[in-house]
Each structure stands twice: as C-alpha cells, then as structure tokens.
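Please look at the sequence and the model first.

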Amino acid sequence: MTDTPTLELRGITKSFGSVQALADVDFEVRAGEVMALVGDNGAGKSTLVKVVAGIHAPDSGEILFEGKPVHVSSPKEASRLGIEVVYQDLALCDNLDVVQNMFLGREERDWLWRLKEPAMEQRTAETLRGLSVTTIRSIRQPVASLSGGQRQSVAVAKAVLWNSKLVILDEPTAALGVAQTRQVLELVKRLGEQGLAVVLISHNLHDVFEVATRITVLRLGRDVGVYEREKTNQQEIVQAITAGIPTKVAGIPEAAPELAT
Amino acid sequence: MSTDFDVAAPGIGLPEGDEAGVQVGLWRRAYDNVRTGNLGILPIVIGLAFIVVFFSFKATNFFTADNFNNIIVQMAGLTMLAFGVVFVLLLGEIDLSIGYLSGIAALTVAEFQLPGSGHAYPGLVAILIAVGVCTLIGGAQGSVVALVGVPSFVVTLAGLLIWQGVILQVLEIKGVIVIQDAWINDTANYFFTSRNGWIISSVVTGLYALGTAASLIAKRRAGVATGNLWIIAAKVAGVALATFGTVAISNHASVPNGLPLAGVLVVIFLIVLTYLAKRTPFGRHVYAVGGNAEAARRAGINVARIRIIVFMISGAMAGVGGVLLAARLNSVDLNVGGGTLLLDAISAAVIGGTSLFGGRGEVRSALIGALVIATVSNGLNTAGYKTGTIYIVTGVILLLAVTLDTVARRLQVRSGR
C-alpha cells in the first residue's frame with residue numbers, strides 16, 4: 001500500500017432539498033486494496049458513488065485524487081481521471097458483442113473513420129486474459145447470449161480496459177447465483193491484486209468479508225468508521241450498520257438501546 | 001440461469017487451429033445466431049426464390065430479361081426510402097413522413113429545373129437542393145424527437161400531414177410539372193452499354209474482394225480470429241455471381257437494353273450506408289442507442305446527436321428516392337409521394353429482417369425487402385391480378401416476416417440471462 005490514497009474524500013456534504021444525504025463524510029481507498037462500502041438502504045452509499053463519479057456535485061468538502069484536489073464535474077471528467085463505475089443494472093448493450101461493448105463510446109478508428117476492429121478485438125482478448133476471465137467462448141458473440149456472471153465480468157473488464165486507477169462496483173453480485181457470484185468475487189480480488197483501488201458496494205456481508213481488505217460503514221449519511229477486515233467480525237459490522245457507534249453519531253445515547261425481539 | 005458456457009475455452013479470440021475446430025466453430029456460430037434471434041437473411045432469400053419460381057410458372061412475361069430490368073427500375077426509389085427506414089428502425093424509432101417527404105423532394109427537383117421559372121438550375125444542382133431540403137426537414141423532425149422528447153410516431157405523423165398539405169397547396173394551382181432536364185430523368189431512365197456494364201460489375205466485385213482480403217490480412221496481423229475462410233470465399237463468390245449475373249441478364253434485355261443506372265445508384269448507396277452502419281463509430285453508436293439507450297448514454301455517447309443524424313439520413317434517403325420516383329415518370333403530379341409508398345418502404349425494411357424494436361438489422365435488408373415487394377407486385381401484375389390481391393399478398397408476407405422477427409426476439413430474451 002502506498003502512503004497517498006488513490007481517492008480521499010474529506011468532509012463531503014450533500015443535501016437534496018431538506019434531505020441530507022451525506023453529512024461530513026470522510027472516505028479513502030488506496031491502490032491495491034478492496035475497500036468495501038456498506039450500509040443500510042438510504043445510508044448514502046449510492047450518493048457517495050455519484051459524487052465520485054461526477055453525477056452529483058458535493059455541497060461542501062474536498063475530493064483528492066492521488067493527493068491532488070480535483071473537481072469531478074461530469075462522468076467524462078471522472079473517466080479522464082481514471083475513475084470507472086460499474087453499475088448494478090449492467091450498462092451493456094445486449095445486441096452488441098463483447099468487443100463492441102468494451103469499446104462502446106471510445107472506439108478506435110483510422111483516418112477513414114473506420115473502426116479498428118482487429119486492434120480492439122486484440123485488446124479485449126488481452127484484458128480478459130489478464131483478468132483470467134476464461135469462460136467466455138467467443139468475444140464476438142452478442143452479450144445477450146452470456147450468463148449473468150459473464151456479463152458482470154465484461155462490465156468489470158470494460159472498466160479496467162481504460163487504464164483506470166479506481167474501479168467502483170455497485171452491487172456487482174446482487175442478481176447472481178452462487179457459482180456466478182464466486183466468479184465475480186474472484187475477479188474483484190484480482191483487480192486489487194493488480195494494484196487498482198477498488199470500492200465494493202454490497203449488501204452481502206459474506207461477500208464483503210471474502211474479498212475486502214477494509215470496510216467503511218455508512219449510516220444515515222454519516223461515516224460510522226473504517227474497519228480492518230482482519231480485526232473485525234460480521235457482528236461488529238452489523239451493529240455499526242444498524243446502530244452506529246454511539247460516540248461518533250450525535251444525538252444517539254451512549255449505548256445502543258436493546259431491541260425487544 | 002444457464003451455465004453451459006462455463007467451461008474454460010482455451011485461447012480467447014486466437015485463430016482457431018485445426019480443421020475440426022473450425023467446423024465446430026461454424027456450427028456453434030450458426031446455433032448461437034438462431035438461439036439469439038439472429039436469423040439473418042436466409043428465410044427471406046428462400047422466400048424470394050420461391051416467389052420467383054412461382055411467378056415464372058404463373059405468368060409468361062415474368063421470367064424475362066426485360067421484366068428483370070423493369071423490376072430494378074420500379075424498385076429503385078422504394079429501396080432508397082427503405083435504406084433510410086432501416087436506420088430509423090435501428091434506433092427503435094419510426095418515420096412516417098418519408099412518403100410525402102419524397103414527394104417534397106420530387107416537387108423541389110421539378111421546380112428547380114423548370115425552364116422559364118426564374119429559378120431553373122442544372123439538373124444536378126436541383127437534385128442536391130431537393131435532397132438538401134429533405135435532409136433539413138428530417139433534421140428538424142429529429143430534433144423535436146431527440147431534444148424535446150415528443151414520440152417520433154407523433155412528430156413524423158404530423159410531418160406526414162404537413163408535407164402532404166404543402167404538396168397539395170402547390171400542385172393544386174400548378175397541376176403537373178413536367179421534368180425535362182436530362183440529368184434528372186437519366187437517374188431512372190439511363191441504361192449502361194453492355195461493355196460499361198461489365199466494367200461496373202468487375203469493379204464492384206474487385207473492390208469487394210480487395211476489401212475482404214485487406215480485412216483478413218489486418219486480422220491475421222493482429223492475431224485475432226478470422227472466421228471461416230470457406231464462408232468468406234463463398235461470400236466473395238456470391239457477390240461476383242450476383243453482380244455479373246445482373247449485368248448478364250440486363251444486357252439481354254431488349255427494350256431498355258443494358259444495366260440501369262438506377263440499379264447502380266442503389267448499389268452505391270447500399271455500399272456507402274453499409275460502411276456507415278457497420279464500419280464507423282457512428283454506425284456502432286446507432287446500434288448501441290437502439291439496443292440500450294441508457295447504456296449508450298453512460299458510455300459517453302451523445303444520444304440526442306445520434307437520433308438527429310439518423311432522422312437526417314432518413315430524410316435524405318427519402319429525398320433521393322423521391323428524385324428517382326419523379327424521374328421515372330418524368331413529371332410530378334398531385335399523387336406524388338402518396339399511395340402505399342410509405343408503408344411499402346417500412347414493410348421492405350421489416351421484411352428484410354430489420355427489427356421494429358431497435359438494435360437489430362442491416363442496411364441490405366432494405367434492398368432484399370424491396371426486392372420481395374417489387375417482385376410480388378410485378379409478378380401479380382404480370383399474371384393479371386388486381387391491385388387488391390397485391391395488397392393482400394404483401395400484407396400476408398409482412399405479417400409472416402414480423403412474426404418471424406417477434407419469435408426470434410423471444411428466443412433472444414430467453415437466451416440472455
């Protein structure tokens with residue numbers, strides 16, 4: 001791990017009208033680590049991602065990318081910095097093949113405005129091989145004919161193709177079966193091993209504990225804390241998600257009240 | 001959830017080695033295509049062959065070189081319109097205005113060649129003005145669709161009424177405008193000499209073979225899969241057969257002897273538009289927007305820009321078709337752009353295999369569909385059937401084609417995830 005985090009957020013605040021979605025949130029992720037971002041529905045995970053991806057501008061706070069303050073004003077700006085987001089509802093075109101999807105919107109072309117198909121196909125094959133995605137029989141088959149796990153792999157590989165430094169995965173396993181989930185989690189691990197900074201958003205703590213190196217917990221728009229995977233357990237995380245840590249969240253009594261169940 | 005692919009396949013995208021591997025790849029690809037609802041042109045080519053054989057027995061004058069040339073000239077205008085329809089359908093949109101838009105082009109071209117009108121220009125200039133006007137109208141309609149968000153059905157339905165109204169307003173006073181300019185009339189009435197016909201077919205075949213070879217070499221150099229060499233060779237042979245065959249038959253025709261220029265124009269637009277759709281980033285983005293507009297937007301594609309350009313293409317092709325249709329009659333009258341032209345153009349694209357749901361189809365499907373419609377209508381005419389029968393038969397063919405597309409699409413949905 002390097003000293004400077006790839007991405008560092010300081011005191012991010014974001015309100016939508018009277019609803020405060022994020023309040024003074026600190027967050028960081030370093031190269032080579034998988035940082036899980038967990039929290040209940042409405043905790044602010046998606047808003048935080050959208051701030052980083054350039055879809056929402058924060059009301060206040062600082063975004064530092066590789067130590068330098070940046071303004072991420074649009075998704076294009078985000079990808080220019082090297083930030084790629086893989087959304088939950090796969091942003092793939094079913095009617096296009098794997099290569100076409102990987103290069104969508106950033107096609108290589110020659111002076112005749114002709115697509116450089118061989119070059120793109122080669123790079124797609126290389127990228128998939130680099131990520132050990134070996135289950136796709138032909139990268140010239142339409143994405144519609146792939147399984148859920150394979151599609152997710154393509155979506156992730158698409159994010160990696162652009163020499164990105166930070167990959168954010170929004171619920172990548174939400175719609176997958178057991179075997180497919182395993183496939184994608186392996187891929188997420190590999191991204192970290194290849195030196196990328198990875199942010200994994202997930203509801204599934206089992207998944208999180210399998211691949212994450214650290215875990216950031218959000219609750220009601222505030223960050224509860226950052227936990228080392230090695231030094232915590234699922235119970236502690238669940239408590240942080242549901243009750244928060246009394247000392248950090250204002251307005252909540254010292255000890256979380258026991259729920260009568 | 002299907003897991004039948006989850007077997008490690010060695011060497012993604014590497015050139016397949018042995019003969020057996022190639023054969024398996026071939027069958028798997030065919031299987032994949034059918035499974036994902038990509039039936040290709042096979043059903044319609046078989047259907048067309050059936051239609052030709054049927055009418056050859058039914059009508060004595062049908063299977064002749066003269067009638068062959070006739071069909072080419074008859075279908076040229078319709079095919080141009082259908083080319084534009086393919087692009088609009090690829091987006092999952094519709095353009096109902098193209099019928100009367102082609103009428104506007106005919107009117108414009110006739111008006112700007114009219115001797116003694118004070119704005120008589122050379123034929124080519126008049127053609128350019130006509131196509132330009134239609135392109136602008138298409139762009140305007142597309143902008144309302146893409147920027148304001150009014151459904152294309154409504155925008156172009158309004159266009160249909162408006163442009164029909166404009167034609168009526170102008171021609172109610174003028175009646176008929178006769179086109180005398182040779183350049184304009186030649187687009188539908190010029191026939192190449194036998195020798196030039198052979199040269200044209202040689203050039204087309206040669207260019208296709210060269211292009212195929214160049215792409216093969218590029219793929220080999222990059223070390224990616226080249227596809228089955230036999231299929232590629234068969235495609236080149238097919239193109240050679242089609243072009244030389246067409247010229248051979250056209251040269252046999254007696255009344256207008258030789259290859260019609262209108263047919264050559266259709267082929268030129270076929271090549272240029274296919275290049276645009278399949279080889280350029282723009283074409284790729286059209287397919288992407290038609291397949292999943294949200295994914296295209298997230299990939300950084302300017303969806304509104306793509307939509308507007310596609311409606312401009314649709315307008316431009318309606319313009320080109322309108323000029324050809326006017327040239328064939330050497331005049332423009334009150335019926336211009338009306339009748340079944342619009343529905344025939346949309347039917348042609350759909351019969352040829354372009355999906356109404358967007359994202360699936362080829363430029364060539366317009367040509368094949370137009371060929372089917374023109375052949376059926378010509379054949380029934382030659383066999384002495386009335387207009388009513390022609391409509392009924394065309395309708396049945398259209399229904400069959402769309403049913404096939406819908407079934408294919410259901411297969412695709414099932415095979416995905």
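How many bridges join strand 4 of chain A to strand 5 of chain A? Two bridges join them, and the strands run antiparallel.

## Basis of the model

This is a predicted model, in which local features need pLDDT of at least 70 and side-chain atom pairs count only at pLDDT 80 or more, while totals for chains, interfaces and linings use all residues. Residues are numbered from 1 along each chain as its sequence is written, and chains are lettered from A and ligands numbered from 1 in the order in which they are written.

## The sheet of chain A

Chain A has an open sheet of four strands in the order 2-1-4-5, with antiparallel pairing. Strands are DSSP runs of E with at least two residues, helices are runs of H or I with at least four, and both are numbered from the N terminus. Two strands pair if DSSP finds at least two bridges between them. Strand 2 and strand 5 (68-69) of chain A are the edge strands, each pairing on one side only.

Strand 1 (residues 7-16) and strand 2 (residues 19-29) of chain A are antiparallel and joined by seven bridges; one pair is A:Ser15 with A:Gln20. These strands form a hairpin with two residues between them, and A:Gly17 in the turn has a positive phi of about 60°. Five bridges join strand 1 of chain A to strand 4 (residues 60-65) of chain A, where A:Arg10 has A:Glu62 as its bridge partner. In strand 5 of chain A, A:Pro69 is the bridge partner of A:Leu64.

## Two helices of chain B

Helix 4 (residues 98-111) and helix 13 (residues 303-329) of chain B pack at an angle of about 55°, with axes 7 Å apart. Axes are lines fitted to C-alpha atoms, for helices over the stretch in contact, and angles run from 0 to 180 degrees between N-to-C directions. Two residues are in contact if their C-beta atoms, placed from the backbone, lie within 7 Å.

The residues of this helix contact divide into eleven nonpolar, seven polar and no charged. Here Ala, Val, Leu, Ile, Met, Phe, Trp, Tyr, Cys and Pro count as nonpolar, Asp, Glu, Lys and Arg as charged, and the others, Gly among them, as polar.

## Domains of chain B

An automatic or database domain assignment gives the domain bounds. Chain B is divided into domain 1 (40-190 + 260-415) and domain 2 (191-259). Their C-alpha centres lie 24 Å apart. Ten residues from domain 1 of chain B and twelve from domain 2 of chain B make the contact.
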